[in-house]
Amino acid sequence: MKAKHQRLILALLALAAVVGAALLALSALKDQAAFFYAPGDVKKTGLPLGRAVRLGGMVEGGSIRKMPDGVSIRFVVTDGVAKVPVAFTGIVPDLFREKSGVVAEGSFNPDGSFTATNLLAKHDEKYMPPEMAGSMHETKTLKQ
């Protein structure tokens with residue numbers, strides 16, 4: 001076999017290996033991808049059952065209920081179009097409160113409720129950690 005043919009065969013084998021690895025990676029990511037839904041999207045398109053998804057919106061005022069076990073909460077997520085009841089067991093983020101943004105990771109139940117496995121509290125662009133807010137008022141000038 002000529003050296004030219006050997007290089008061609010090796011290049012084709014390398015290309016096939018790269019394509020195979022990419023296909024395996026894409027098939028693995030397909031099962032792990034978490035899609036983002038707003039309550040209005042769920043109302044329009046129906047419940048995405050059996051998949052890990054993210055539900056985002058605002059925590060409805062007056063909807064947070066702490067359960068007697070001390071680690072479970074129930075609340076309602078709304079986007080102004082629809083509302084979805086959410087159940088979560090675990091430690092809630094410090095920024096989690098009524099009338100603020102939240103992204104809940106989990107899955108939908110057949111009854112239309114959402115069971116969250118993780119909560120991500122969102123804040124607006126003006127948010128500043130308390131430690132920084134106090135130091136912002138302390139003006140220090142550098143002498144040159």
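Student: What does the side chain of Ser113 make a polar contact with?
Tutor: In this predicted model, the side chain of Ser113 makes a polar contact with the side chain of Asp111, at 2.7 Å.

Student: Where is Ser113 placed?
Tutor: Ser113 sits in the loop between β6 (101–108) and β7 (114–121).

Student: Buried or exposed?
Tutor: Ser113 is buried, because its relative accessible area is 16% and the cut-off for buried is under 20%.

Student: What is Ser113 in contact with, leaving aside neighbours within four places in sequence?
Tutor: With those neighbours set aside, Ser113 is in contact with Pro85, Ser107 and Phe108.

Student: Ser63 next. Where is that one found?
Tutor: Ser63 is in the loop between β2 and β3. Ser63 is buried too, with a relative accessible area of 10%.

Student: And what does the side chain of Ser63 reach?
Tutor: The side chain of Ser63 reaches the backbone oxygen of Glu60 at 2.7 Å. Leaving aside neighbours within four places in sequence, Ser63 is in contact with Arg74, Phe75, Val76 and Glu98.

Student: Let me back up. How many helices and strands does the chain have?
Tutor: The chain has three helices and seven strands. Read along the sequence, they follow the pattern α-β-α-β-β-β-β-β-β-α.

Student: What share of the residues count as buried?
Tutor: Of the chain's 144 residues, 25% count as buried. The accessible surface of the chain is about 10,600 Å², and 61% of that surface belongs to carbon and sulfur atoms.

Student: Which residues have the most contacts inside the largest nonpolar core?
Tutor: Phe75, Phe114 and Leu119 have the most contacts inside that core, which has 18 residues. The strands β2 (53–59), β4 (72–78), β5 (83–89), β6 and β7 each supply at least two residues of this core.

Student: What is Leu119 in contact with, apart from neighbours within four places in sequence?
Tutor: Apart from those neighbours, Leu119 is in contact with Ile73, Phe75, Phe88, Val92, Pro93, Phe96, Val102, Val103 and Ala104.

Student: Ile73 is on that list. Which strand is Ile73 found in?
Tutor: Ile73 is in strand β4. Ile73 counts as buried because its relative accessibility is 8%. Leaving aside neighbours within four places in sequence, the contacts of Ile73 include Arg65, Lys66, Met67, Val86 and Leu119.

Student: How far apart are the C-alpha atoms of Ile73 and Ile91?
Tutor: The C-alpha atoms of Ile73 and Ile91 are separated by 9.6 Å, and the two residues are 18 residues apart along the chain.

Student: Changing topic: how many salt bridges?
Tutor: The count comes to two salt bridges. In one of them, Glu105 pairs with Arg54, and the closest N and O atoms are 3.0 Å apart. That pair links distant parts of the chain, with Glu105 in strand β6 and Arg54 in strand β2, 51 residues apart.

Student: Are those two buried or exposed?
Tutor: Glu105 counts as buried, at 18% relative accessibility. Arg54 is partly exposed, with a relative accessible area of 33%.

Student: What does Lys83 form a salt bridge with?
Tutor: Lys83 forms a salt bridge with Glu60, and the closest N and O atoms are 2.7 Å apart. Lys83 is in strand β5 and Glu60 is in the loop between β2 and β3 (65–66), 23 residues apart, so this pair also links distant parts of the chain. Lys83 counts as exposed, at 55% relative accessibility.

Student: Which residues make the nonpolar surface patch?
Tutor: Leu8, Leu12, Leu15, Val19, Leu23, Leu26 and Leu29 make a nonpolar surface patch of about 720 Å². Leu23, for one, lies in helix α1 (residues 3–32). At 56% relative accessibility, Leu23 counts as exposed.

Student: Last one: what is the phi of Lys99?
Tutor: Lys99 has a positive phi of about 60°, although it is not a glycine. Most residues other than glycine have a negative phi. Lys99 is in the loop between β5 and β6 and counts as exposed, at 64% relative accessibility.

Note on methods:
Residues numbered from 1 in each chain as written. Predicted model: local features only at pLDDT ≥ 70, side-chain atom pairs only at ≥ 80, totals over all residues. Heavy atoms only, no water. Patch = residues over 30% accessible without salt bridge, like charges linked within 9 Å, V, L, I, M, F, W, Y side chains within 5 Å. Areas by Shrake-Rupley, 256 points an atom, 1.4 Å probe, with all protein chains shown as cover. Salt bridge = Lys/Arg side-chain N within 4 Å of Asp/Glu carboxyl O. Helix = DSSP H or I, 4+ residues; strand = E, 2+ residues; numbered from the N terminus. Buried < 20%, exposed > 50% of the residue type's maximum accessible area, 1.4 Å probe, protein only. Polar contact = N/O pair within 3.5 Å; in protein donor to acceptor, adjacent residues only side chain to side chain. Contact = heavy atoms within 4.5 Å. Core = buried A, V, L, I, M, F, W, Y, C linked by side-chain atoms within 4.5 Å.
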